[in-house]
Amino acid sequence: MAPAPKKSKKTVDSMNSRIKLVMKSGKALLGYKASVKAMRKSKAKMVLISNNCPVLRRSELEYLAMLAKVSVHHYTGDNSALGTACGKLFNCSVVSITDGGDSDILTVKE
């Protein structure tokens, strides 16, 4: 099997800028428990999962997202990079977006 193609730095930078715009103008929930609650209440519109999120947790989030008809984006960075992209000084492995705000992040496909 051939290795998966790497995403270019430009797509990572554009995703980071979209996340920053959502945090500024929209609404987002950080963390696993808050994201699960938002998906159960059908409030979430998109879920971002870092690449070093535990496999069992990731599969559970994907399953809940499928049931709630929520789009899932696998963020290319680890949890510290996702927390930094959200403008926080701590790690965050899951971000749930409830309102996109001025950003076009909800229309982005992987």
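**Reading the terms in a predicted model**

From the N terminus on, the elements of the protein follow the order α-β-α-β-α-β-α-β, where helices (H or I, at least four residues) and strands (E, at least two) are DSSP runs numbered from the N terminus. The model is predicted, so local features need pLDDT of at least 70 and side-chain atom pairs count only at pLDDT 80 or more, while totals for chains, interfaces and linings use all residues. Residues are numbered from 1 along each chain as its sequence is written, and side-chain values use heavy atoms, with hydrogens and water left out.

Colleague: Why is S103 called buried?

Modeller: Buried means under 20% relative accessible area, exposed over 50%, and partly exposed in between, with a 1.4 Å probe and protein chains only; S103 has a relative accessible area of 11%, and therefore counts as buried. S103 sits in the segment after strand 4 (94-99).

Colleague: What makes the pairing of the S103 side chain with the backbone oxygen of R18 a polar contact?

Modeller: A polar contact is a pair of N or O atoms within 3.5 Å; within protein, one must be able to donate a hydrogen and the other to accept it, and residues adjacent in sequence count only if both atoms are side-chain atoms. A polar atom of the S103 side chain lies 3.4 Å from the backbone oxygen of R18, and the S103 side chain also reaches the backbone nitrogen of I105 at 3.2 Å.

Colleague: Which residues are in contact with S103, leaving aside its neighbours within four places in sequence?

Modeller: With contact meaning heavy atoms within 4.5 Å, they are R18, L21, V22 and S25.

Colleague: Why do S42 and K69 count as exposed?

Modeller: S42, in the loop between helix 2 (32-40) and strand 2 (46-49), has 56% relative accessibility and therefore counts as exposed. K69, in the loop between helix 3 (55-68) and strand 3 (71-74), counts as exposed because its relative accessibility is 75%.

Colleague: What is phi of S42, and what is phi of K69?

Modeller: Phi of S42 is near 60 degrees, a positive value in a residue other than glycine, and phi of K69 is near 55 degrees, also positive in a residue other than glycine. Most residues other than glycine have a negative phi.
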